[in-house]
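Dear colleague,

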Amino acid sequence: MRILLTGASSFTGMWYAEALVAAGHDVVATLYRQRADYAADPLRELRVRRLEALAPRLRLVEAVTFGSERFQALFADDERFDVLCHHAADVRDYKSPDFDPVKALADNAFGLVETLRVMRGAGCDRLVLTGSVFEQREGAGTQPAVAFSPYGLSKGLTADLYAFYAAREGVTLGKVVIPNPFGAFEEPRFTAYLMKSWAEGRCPTVGTPAYIRDNIQVSLLAAAYAGFVAAMPSDGGFHVCRPSGYVESQGDFARRFAREMAARLVLDCPLELAHQAVFAEPPIRINTDRVDADRLGWSEAAAWDGIARFYADRLNLPLREAAGDPSAGEGA
């Protein structure tokens, strides 16, 4: 298939692009900024370079935003698209309690109706949107399933808006609900914090070990995403994929991550789990669709190896395998 993908320079977006190409699709990926502007953001620059390495199966288009006239003009080119994978969204300061969900909704839906009509007119009748397990009415666990934050609220509102207009314009809508992805090329979040602490010889503290969450290897998430895109019918309906990974407490996930990294890196990986007495967020929120990793050809051990190699390179850490340790990689 020929796929138009937005948000490809993001952490999950880069993995989506690689998985789509690996599945045999041709991808045109839009960048929000001019190519040269990414040099100021080393991690995003690294991800864009990986996207460029996918040529000729992937072509980048610079400085294009969803809904703009230039974006809609992509459908008027000779490249007929089968699916629009819309992964980009307004995520600026998404952790802030002052995040503006109304502005984010307006940004996410800019030019939506006209874009749906243009893509439909060009023969592209499938759109895949990215959702979040932290939006309202998503996932399983603590009820009622409220939005975790203003950002989560914006994602739920965006999905509602897309569902309404996609149905009206005769476009099949898919939504892939993301839980907690982790892996190589990730921004400084939880696992990156653990790795940085260990690399500096510190014992990181897990502040919310009692939350039950759904952490998923980003490579497994991407494989599930590519499979969902390929299988989505053109029936005018609304289809949802909720891929699930490691469902456990954050404390147990931290122990799992420490165990797998210690098996691959010459590195002490201690942890301190705080006593959690405050639950500002719903205690349990998880996805519900178990992923058939064997059918997707996904290897858990290879995924852990990839994470270890990534941090070994970035943080100058020795790999057990390179040091001749016969027990290297026995974690998974």
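The notes below begin with the chain and then turn to one histidine.

This is a predicted model, in which local features need pLDDT of at least 70 and side-chain atom pairs count only at pLDDT 80 or more, while totals for chains, interfaces and linings use all residues. Residues are numbered from 1 along each chain as its sequence is written, and side-chain values use heavy atoms, with hydrogens and water left out.

The chain has 11 helices and 16 strands (DSSP runs of H or I with at least four residues, and of E with at least two, numbered from the N terminus). Its radius of gyration is 20 Å, close to the 20 Å from the globule rule for 332 residues, so the chain is as compact as a globular protein of that length (taken over C-alpha atoms, the rule being 2.2 Å times the number of residues to the power 0.38). Of the 332 residues, 50% count as buried, meaning under 20% relative accessible area with a 1.4 Å probe, protein chains only.

His-86 belongs to strand E4, residues 83-86, and counts as buried at 3% relative accessibility. Its side chain makes a polar contact of 3.2 Å with that of Tyr-162 (a pair of N or O atoms within 3.5 Å, where within protein one must be able to donate a hydrogen and the other to accept it, and residues adjacent in sequence count only if both atoms are side-chain atoms). Beyond neighbours within four places in sequence, His-86 is in contact with residues including Thr-6, Phe-66, Asn-108 and Tyr-162, contact meaning heavy atoms within 4.5 Å.
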